[in-house]
Amino acid sequence: MMINLVYFLVFGLAYAAALVAYRLIFHPLAKFPGPKIAAATKWYEFYYDCVKGGGGLFSYEVDRMHARYGPIVRINPYEIHVSDPAWLDTLYPGPGPVRDKYAPSAHMSGVPQGTFGTVDHYIHRQRRSAVKTFVSKKTVQTFQTSICSTVELLCREFSHFAATGETFECGTYLLSWATDSVSKYLENSSYGLLDDARRRQDWQETVADVVELTPLVKQFPFFMPFVLKVPGWLMQILSPKMNRVLLMHKVCSRNLLHVSRPLREQ
């Protein structure tokens with residue numbers, strides 16, 4: 001038993017050493033500058049995104065990398081990061097070049113059948129084409145009256161606070177206004193957050209939970225598709241914050257399916 005354990009440890013160390021050597025010397029991205037530890041392992045990114053200072057700090061570390069290594073840096077074993085506005089046309093060259101999405105980023109959403117979660121270039125183009133007219137400038141302009149009505153409601157709330165001198169969280173109200181406007185347009189039913197203080201606060205906390213959990217989901221892209229299959233009662237016990245996010249995901253999915261059903265039946 002001890003001999004088998006020793007063999008396992010030796011094999012594991014040899015594999016890790018070979019993997020690091022490949023990433024630092026033979027990998028196609030080995031020629032790009034950046035911290036060697038970031039090129040060797042994704043745990044470097046994990047540390048800044050999920051551990052140091054409560055997490056969510058890797059973007060600041062990337063800025064520090066650019067300050068030291070220049071406009072193009074290798075931020076992990078599989079990715080480079082470019083900080084150069086002139087490169088924008090190369091990144092988004094138009095409809096000509098065929099480019100699949102980076103799967104780990106696409107899978108973060110947990111909706112592989114949505115446009116954001118679609119990896120294949122041609123399938124993404126088909127799905128995007130299906131909703132193109134729905135989000136066109138001309139179509140959105142026809143919704144202007146509804147948007148203005150929610151703006152008026154928001155202004156009444158602000159006027160109330162101005163008259164009474166009460167303090168309030170401006171960001172919460174702006175978030176609620178944006179959510180009510182978008183949900184009315186996309187789902188044909190406003191969430192009514194501006195009219196309900198409790199729902200408004202719940203939504204603000206839900207969005208805050210999404211922001212807090214995003215770095216973790218980014219590091220483990222398989223995580224979101226997995227937790228979507230976990231029963232709500234169990235997730236509430238394991239992680240109330242994640243359960244709140246899952247409830248948001250399910251409500252949005254149900255509403256969008258209800259709206260899209262007549263389109264699918266045409």
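Here are some questions and answers about this chain.

Author: This is a predicted model, in which local features need pLDDT of at least 70, side-chain atom pairs count only at pLDDT 80 or more, and totals for chains, interfaces and linings use all residues. Residues are numbered from 1 along each chain as its sequence is written, and side-chain values use heavy atoms, with hydrogens and water left out.

Reader: Which element of the protein chain has the lowest mean pLDDT?
Author: pLDDT is the predictor's confidence in each residue, from 0 to 100, and the protein chain averages 85. Strand E1 (residues 72-76) has the highest mean, 96. Helices (H or I, at least four residues) and strands (E, at least two) are DSSP runs, numbered from the N terminus. At a mean of 70, the lowest element is H14.

Reader: How many salt bridges are there?
Author: A salt bridge here is a side-chain nitrogen of Lys or Arg within 4 Å of a carboxyl oxygen of Asp or Glu. By this rule the count is eight.

Reader: Which residues are linked with Lys-42 in a network of salt bridges?
Author: The pair of Lys-42 and Glu-45 is joined by a salt bridge. In the network, Lys-42 is linked with Glu-45, Asp-49 and Lys-218.

Reader: How many residues apart in sequence are the parts that Glu-205 and Arg-244 tie together?
Author: Their side chains meet in a salt bridge at 3.4 Å, N to O. Glu-205 lies in helix H11 (residues 197-219) and Arg-244 in helix H14 (residues 240-265), so the pair ties together parts whose separation in sequence is 39 residues.

Reader: What is the relative accessibility of Lys-241, which pairs with Glu-212?
Author: The side chains of Lys-241 and Glu-212 meet in a salt bridge of 2.9 Å, N to O. This pair links distant parts of the chain, with Lys-241 in helix H14 and Glu-212 in helix H11, 29 residues apart. Glu-212 is partly exposed, at 46%. Lys-241 also counts as partly exposed, with a value of 37%.

Methods. Buried < 20%, exposed > 50% of the residue type's maximum accessible area, 1.4 Å probe, protein only.
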